[in-house]
Amino acid sequence: MSRLVCVSNRISLPRKSAAPGGLAVGILSALKRTGGLWFGWGGETVDTDPGEPDIHIRDGVTYATVDLRKRDFELYYNGYANEVLWPLFHYFLKGMRYSSEQRDAYENVNRSFATKLVPLLEPRDTIWIHDYHLIPMARLLRDAGVKRPIGFFLHIPFPNIEMLRVLPSYAELLRDLTCYDVVGFQTQNDLQAFHSGVEHLFGAEAIKPDGRIRVGERTMRADVFPIGVDVSAVQEEATVALSGDVVRRMTDSLMGRSLMMGVDRLDYSKGLVERFSAYQHFLETYPDNLGNITYIQIAPLSRTDVRAYVDIRQQLEQAAGRTNGRFADTDWTPIRYLNRNFPHATLMGFLRAAKVGIVTPLRDGMNLVAKEFVAAQDATDPGVLILSNLAGAARELGSALLVNPYDSQAVGHAIQAALSMTLTERRERHAAMMQVLKRNDIAAWTRRFVEALEQAPGADPRVRAVGNGH
Ligand code: F6P
């Protein structure tokens with residue numbers, strides 16, 4: 001059996017509190033099942049040369065972490081990854097700021113990751129690169145002589161060629177993606193967008209009728225692998241946390257009021273300003289709810305050095321303050337807005353306690369919180385999920401209350417519909433979504449991707465059989 005090697009920009013170390021975002025949750029549950037190596041940035045920045053990776057082994061998983069130089073953190077992470085690729089891939093051109101200096105830093109950090117990873121590789125490894133920070137890795141690993149199958153999974157949306165073309169180096173980015181044996185996307189839309197790029201650059205004939213892609217001498221495969229959650233782990237965490245101290249203190253403080261819960265990294269793509277405005281519409285339109293509902297929004301700070309994140313933070317503070325100033329009573333606060341993170345299990349307990357889960361990103365690759373909310377519910381008396389139709393999760397969770405996140409009035413009506421939904425309808429919707437979650441859980445996601453990678457058209461079976469070279 002081959003060893004699984006996952007590489008991502010940020011990794012979630014066992015001794016630290018969970019890194020926010022679905023990627024860390026997804027990779028960790030995948031690696032805990034299969035064992036293997038997780039290589040990436042440990043979250044520290046340094047002034048001097050970062051040196052060799054630090055190695056920690058815990059529960060069958062080896063963690064290899066590298067530091068980032070302060071300048072690289074600025075130009076590669078804040079810059080190219082989060083001021084160029086992130087806004088572009090989420091269709092927010094307003095937040096995009098390109099410079100070739102950032103592009104060079106992106107290439108250099110990827111090269112340094114590849115150089116440090118190679119000595120850690122074993123002959124039978126299967127290499128799985130994650131997310132937009134590390135697109136050039138396959139090319140750089142191949143240049144360093146790595147012959148093992150290399151796959152890439154994009155956790156965020158992929159833009160159509162008309163949007164992608166805004167990027168000066170879009171052709172290099174597309175070429176880099178074709179250096180993988182398998183490229184995975186969250187949804188069919190993302191795959192089609194990738195095809196639009198391949199067609200534009202290499203011609204329609206590059207895409208074969210069976211879905212394989214042929215570029216020069218190489219054949220690769222691009223497909224859809226929607227990421228799932230560990231359903232039973234979430235259920236267990238949620239049930240245990242519900243009677244734990246932190247969640248009990250929160251539920252006691254509700255004094256019998258209905259709870260609406262949102263959990264998102266503080267990011268402009270999550271639609272929090274629009275969500276706060278929808279909540280205000282809801283309170284205006286359905287005044288019977290005044291004093292009877294509490295909306296808790298957990299929004300851990302994220303990418304705080306990037307201008308667009310500073311701006312969105314200010315807007316949200318003002319919006320929460322406006323709603324509370326206008327509607328609060330001496331014994332009731334309509335919105336509790338928290339910029340802090342909690343352990344994953346506690347979050348699952350909060351989600352279980354909620355009558356309404358609100359997940360309304362303006363664009364999102366998948367959104368695992370939506371899936372976690374469903375998995376965390378008590379099936380006999382489940383809460384209702386309000387879900388943006390612009391999140392990848394909406395492709396699978398059609399039994400949620402689907403909304404357009406920009407339409408604040410419609411989202412306000414959906415909150416009312418969720419609060420007044422009959423038990424029978426809530427159970428039906430919940431059962432339908434649970435079926436989907438169980439069929440495509442995190443184990444199925446890992447299995448499908450790794451199998452695809454091992455059977456990839458470009459993966460040389462002789463190399464696989466004899467474990468010749470890396
Ligand atoms: O899922 C998208 C993503 O950018 C992941 O790659 C990342 O781990 C997560 O969000 C959190 O973002 P960051 O590492 O920038 O805090």
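Which residue is the bridge partner of Val359 in S14? The legends below, which describe close-up views of a predicted model, begin with the strands that answer this.

**View 1. Strands S13 and S14, paired in the parallel sense.** Strand S13 (residues 356-359) and strand S14 pair in the parallel sense over four bridges. Within this pairing, the bridge partner of Val359 in S14 is Leu387, while Ile358 has Ile386 as its bridge partner in S14. Strand S14 comprises residues 384-388, and because five of its five residues are buried, this strand is largely enclosed by the rest of the structure. Val384, Ile386 and Ser388 point one way from S14, whereas Leu385 and Leu387 point the other way, and all of them are buried. Strand S13 is likewise covered on both faces, with Val356 and Ile358 buried on one side and Gly357 and Val359 buried on the other.

**View 2. Strand S10 beside S13, with the loops that flank S10.** Strand S10 (residues 258-263) runs parallel to S13 and is joined to it by two bridges; at one position Met260 stands opposite Val356 in S13. Met255 lies in the loop between helix H9 (245-253) and S10, and has a positive phi of about 50° although it is not a glycine. Met255 is exposed, with a relative accessible area of 68%. Ser269, by contrast, is found in the loop between S10 and helix H10 (272-285) and is buried, with a relative accessible area of 1%. When residues up to four places away in sequence are not counted, Ser269 touches Trp86, His90 and Phe92, together with Pro361, Leu362 and Arg363.

View 3. A polar side-chain atom of Tyr77 lies 2.5 Å from an oxygen atom of the ligand, and an N or O atom in the side chain of Asp131 is 2.6 Å from an oxygen atom of the ligand. For Arg303, an N or O atom of the side chain is 2.8 Å from an oxygen atom of the ligand. On its own the ligand has 380 Å² of accessible area, of which the protein covers 92%.

View 4. Asp131 counts as buried because its relative accessible area of 5% falls under the 20% cut-off.

**View 5. Pro87 in helix H2.** Pro87 lies in helix H2 (residues 70-89) and is buried, with a relative accessible area of 0%. Leaving aside neighbours within four places in sequence, Pro87 is in contact with Asn82, Phe92, Gly95, Met96 and Tyr268. Ala308 stands 221 residues from Pro87 along the chain, and the C-alpha atoms of these two residues are separated by 9.7 Å.

**View 6. Thr346 in helix H12.** Thr346 is found in helix H12 (residues 344-353) and is buried, with a relative accessible area of 12%. Its contacts, once neighbours within four places in sequence are left aside, are with Ala241, Val246 and Val247. Thr346 and Leu242 are 104 residues apart in sequence, yet their C-alpha atoms are 7.9 Å apart in space.

**View 7. Thr446 in helix H16.** Helix H16 (residues 442-454) contains Thr446, a residue that is buried, with a relative accessible area of 4%. Not counting residues up to four places away in sequence, Thr446 touches Leu4, Ala30, Thr34 and Trp128.

**View 8. Helix H6 and its buried residues.** Helix H6 (residues 170-177) is mostly covered, with six of its eight residues buried. The buried residues of H6 are Tyr170, Ala171, Leu173, Leu174, Asp176 and Leu177.

Methods. Residues are numbered from 1 along each chain as its sequence is written. This is a predicted model: local features need pLDDT of at least 70, side-chain atom pairs count only at pLDDT 80 or more; totals for chains, interfaces and linings use all residues. Side-chain values use heavy atoms; hydrogens and water are left out. A polar contact is a pair of N or O atoms within 3.5 Å; within protein, one must be able to donate a hydrogen and the other to accept it, and residues adjacent in sequence count only if both atoms are side-chain atoms. Accessible areas come from the Shrake-Rupley method with a 1.4 Å probe; for residues, only the protein chains shown count as cover. Buried means under 20% relative accessible area, exposed over 50%, partly exposed in between (1.4 Å probe, protein chains only). Contact means heavy atoms within 4.5 Å. Two strands pair if DSSP finds at least two bridges between them.
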